[in-house]
Amino acid sequence: AVVSTQSTGEITWLQALFFELFGTMFLVLVVFATIDVRRGHEQSYLQPFAIGLAILVIHIWLIPYTNCAINPVRGTVWDIVAGTSKNQTFIFLFAPLLGGAVAVPLYNLFFK
């Protein structure tokens, strides 16, 4: 399929799970760090730029290995529509959710 979120086969499912979890965690940390008013940041045009740059970096890093889901809906819907659901679909459903869940306490730990 042209559109797929299945891993490329160069890495194991556990590595794909870690990559997707880490990518989502990085994105959530960047979003929290750029919009948290407690850190003294005023609203500016650089906030969306920082978030977009983080998404670009994550995609450049993950696309060669996992086709970069970092979003549970994107990771699941394309597999269903394209009929490419394999045993890896759980990675692209749960890794972003876990990454977001890990990012919240990490952010509170380091930036509070």
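Biologist: Which residues form one aromatic cluster?

Modeller: Bearing in mind that this is a predicted model, the cluster is made up of Phe18, Phe19, Phe22, Trp61 and Tyr65.

Biologist: And how many aromatic pairs does the count come to?

Modeller: The count comes to seven aromatic pairs. One of them joins phenylalanine 19 and tryptophan 61, whose ring centres are 5.1 Å apart with 50 degrees between the planes, which makes the pair tilted.

Biologist: Which parts of the chain does that pair link?

Modeller: Distant ones: phenylalanine 19 sits in helix H1, which covers residues 13–35, while tryptophan 61 sits in helix H2, residues 46–66, and the two are 42 residues apart.

Biologist: Is phenylalanine 19 buried or exposed?

Modeller: Phenylalanine 19 is buried, since its relative accessible area is 17% and the cut-off for buried is under 20%.

Biologist: What about phenylalanine 32 and tyrosine 107, what kind of pair is that?

Modeller: That pair is edge-to-face, because the planes are at 65 degrees and the class takes angles over 60; the ring centres are 5.5 Å apart. Phenylalanine 32 belongs to helix H1 and tyrosine 107 to helix H4 (residues 89–111), so the pair ties together parts that are 75 residues apart in sequence.

Biologist: How accessible are phenylalanine 32 and tyrosine 107?

Modeller: Tyrosine 107 is buried, with a relative accessible area of 3%, whereas phenylalanine 32, at 27% relative accessibility, counts as partly exposed.

Biologist: Switching to the surface, which residues form the nonpolar patch?

Modeller: The patch has about 1100 Å² of accessible area in total, and its members are Phe18, Phe22, Phe26, Tyr45, Leu46, Phe49, Leu53, Leu56, Val57, Ile60 and Trp61. Phenylalanine 26, which lies in helix H1, is partly exposed at a relative accessible area of 34%.

Biologist: Which element gives the most to the patch?

Modeller: H2 does, with seven residues, and the elements that give two or more residues are H1 and H2.

Biologist: One last thing, where does asparagine 67 lie?

Modeller: Asparagine 67 lies in the loop between H2 and helix H3, which spans 72–82. Its phi is near 65 degrees, a positive value in a residue other than glycine, and at 24% relative accessibility asparagine 67 counts as partly exposed.

Methods:
Residues are numbered from 1 along each chain as its sequence is written. This is a predicted model: local features need pLDDT of at least 70, side-chain atom pairs count only at pLDDT 80 or more; totals for chains, interfaces and linings use all residues. Side-chain values use heavy atoms; hydrogens and water are left out. Rings of Phe, Tyr and Trp (its six-membered ring) pair if their centres lie within 6.5 Å; planes under 30 degrees apart count as stacked, over 60 as edge-to-face and the rest as tilted. Helices (H or I, at least four residues) and strands (E, at least two) are DSSP runs, numbered from the N terminus. Buried means under 20% relative accessible area, exposed over 50%, partly exposed in between (1.4 Å probe, protein chains only). Patches are made of residues with over 30% relative accessible area and no salt bridge: like charges are joined within 9 Å, nonpolar side chains (Val, Leu, Ile, Met, Phe, Trp, Tyr) within 5 Å. Accessible areas come from the Shrake-Rupley method with a 1.4 Å probe; for residues, only the protein chains shown count as cover. A salt bridge is a side-chain nitrogen of Lys or Arg within 4 Å of a carboxyl oxygen of Asp or Glu.
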